[in-house]
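Subject: Structure handover

Hi,

Here is the structure I promised you. Please open it first, then read my notes below.

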Amino acid sequence: ALQVERKRVKNVNARLAGASLRVSAPMAMPEPELEQVVLDLARRLLRRVRTRQINAGDQALALARRVAARFPREITVGEVLFVTTQHTRWGSYSSRTRTVRLNAALRLMPTWVLEAVVAHELAHVVHGDHSPAFWSLLKRVCPDTERADAFLAGVAWLAHHLDELPAVERA
C-alpha cells in the first residue's frame with residue numbers, strides 16, 4: 001500500500017513499513033515529478049530489504065574463509081555480502097575492508113561455482129591481473145575454475161538471450 005502525505009517539507013521522504021510505503025512530500029511538488037521520485041525511492045528501499053534478506057546467515061563467510069585458507073599466503077576475509085548492484089561482474093574483493101562482494105544471483109548457484117568466484121577474487125590479492133601466474137594459482141586453489149567459468153558463461157548467455165527465445169524454448 002502507498003500512503004502519500006503532502007507536508008511542509010523541503011524533500012521527499014519515504015519509509016517502508018512492512019508492505020506499506022509511507023511518503024511525505026512537499027506541497028508544491030508537481031504530481032509527475034513526485035511519481036518518479038516515489039518510484040526511485042521505492043526501488044532503493046526494496047533493494048535494501050532484499051539485500052538484508054539475502055545476507056542473512058553466515059554460510060557464505062564460512063565458505064569464503066575456507067577458500068582463503070587454501071592460498072599459500074594468508075588472505076583475510078572479514079565479510080561477505082551478496083549485492084544486487086553488480087551487473088557486470090560476479091564478484092569483487094577489497095583488501096582494505098576485507099570484504100568479498102558477490103552478485104546476488106550466485107546465492108542460487110551450485111557451491112562449487114560460488115567457491116570458484118570467491119577464489120578468483122581472492123587470487124587478485126596475489127596477482128592483480130589475469131596473467132599466467134594468476135591462472136596457475138587459481139587452478140591450484142580451485143580445480144573447478146574452468147568448469148565454473150563455463151557454467152557462468154552459459155548463465156550469462158542465457159540471461160542476455162532469454163527474450164529472443166521462443167516461448168516453448170524458454171519453458
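The largest nonpolar core has 32 residues. Val77, Leu102, Leu106 and Leu122 touch the most other members. A nonpolar core here is a set of buried Ala, Val, Leu, Ile, Met, Phe, Trp, Tyr and Cys residues joined through side-chain atoms within 4.5 Å. Buried means under 20% relative accessible area (1.4 Å probe, protein chains only).

This is a predicted model: local features need pLDDT of at least 70, side-chain atom pairs count only at pLDDT 80 or more, and totals for chains, interfaces and linings use all residues. Residues are numbered from 1 along each chain as its sequence is written, and side-chain values use heavy atoms, with hydrogens and water left out.

Helix 3 gives the most, with eight residues. Helices (H or I, at least four residues) and strands (E, at least two) are DSSP runs, numbered from the N terminus.

Now look at Val77. Its contacts (heavy atoms within 4.5 Å) include Leu61, Ala64, Tyr93 and Leu122, not counting residues up to four places away in sequence.

Where do helix 2 and helix 3 meet? Leu63, Ala64, Val67 and Ala68 in helix 2 touch Thr111, Leu114, Glu115, Val118, Ala119 and Leu122 in helix 3.

Best wishes

Notes. Buried < 20%, exposed > 50% of the residue type's maximum accessible area, 1.4 Å probe, protein only.
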